[in-house]
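Here's a quick briefing on a few local features worth a look. Have the sequence and the 3D view open as you read.

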Amino acid sequence: MNAEPNRESAKAWPSSWPVRLGELEIALPLLRGSNGFGIYAFDPMGRGAWNIAAAKALAERLAPYDFDILLCAESKSIALAEQLARLLGYADYVVLRKSYKLYMQNPLVIDVKSVTTAARQQFFLGSDQQELLRGRRVCVLDDVISTGGTLRAIFDVARLLEFQVAAIACVLTEENHWTAYEGAPVVSLGHIPLPGFSEEMPARESPS
């Protein structure tokens, strides 16, 4: 993202933003960094009720799409992937890891840039996990899609392993109202703004 954060506009944003995860309504706190950059923080790690509710709602919205396996990136989407795989009846799902482990044989190494992480990251995928994806129809799962950095890395993997991204599922889109990426539909449960980058504050409606 090339824009610089606007500290003055960020000051006017409400301290929390309501979102709905299926039948569950939650409020996301506004957190700001020292440079004025602000986000409405969605952190589902350890939040069993959030992940269960979100997985149930996503399973319903993914019903029209045909895919064979779920793919997510470490680490905030793992619990969601576990719940969603169970609901969809999948025995396995694939996780792109953020660090190399000894048991990863002949790993793929993928560069990625995230809006919430200052340093460039790498994802690792061992050969056994590569074979779970190769030539298949894949649903990519993420907690929040913002700038699309993780998606760019995943589509690089798709080209290398020759699998098709049949759908992209996320709990929330952020700043950009993603509906598709490189021809793959994006299925989400809601949208949140990115304070300091949004030119104006959208209407703060009750989540539906």
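What follows covers the aromatic rings, then one serine in a loop.

This is a predicted model, where local features need pLDDT of at least 70, side-chain atom pairs count only at pLDDT 80 or more, and totals for chains, interfaces and linings use all residues. Residues are numbered from 1 along each chain as its sequence is written, and side-chain values use heavy atoms, with hydrogens and water left out.

**Aromatic rings**
- There are 8 aromatic pairs, counting rings of Phe, Tyr and Trp (its six-membered ring) with centres within 6.5 Å; planes under 30 degrees apart are stacked, over 60 edge-to-face and the rest tilted.
- Phe67 and Tyr90 make an edge-to-face pair, because their ring centres are 6.0 Å apart and their planes sit at 65°.
- That pair links distant parts of the chain, 23 residues apart: Phe67 is in the loop between α2 (48-61) and β4, and Tyr90 in the loop between α3 and β5 (94-96).
- Helices (H or I, at least four residues) and strands (E, at least two) are DSSP runs, numbered from the N terminus.
- Phe67 is buried at 6% relative accessible area, while Tyr90 is partly exposed at 24% (buried is under 20%, exposed over 50%, partly exposed in between; 1.4 Å probe, protein chains only).
- Trp13, Trp17 and Tyr40 form one aromatic cluster.

**A charge over a ring**
- The charged end of Arg47 sits over the Trp50 ring, 4.4 Å from its centre (the rule: NZ of Lys or CZ of Arg within 6 Å of the ring centre and within 35 degrees of the ring normal).

**Ser77**
- Ser77 lies in the loop between β4 (69-73) and α3 (78-88), and is buried at 1% relative accessibility.
- Leaving aside neighbours within four places in sequence, Ser77 is in contact (heavy atoms within 4.5 Å) with Cys72, Leu141, Asp142 and Asp143.
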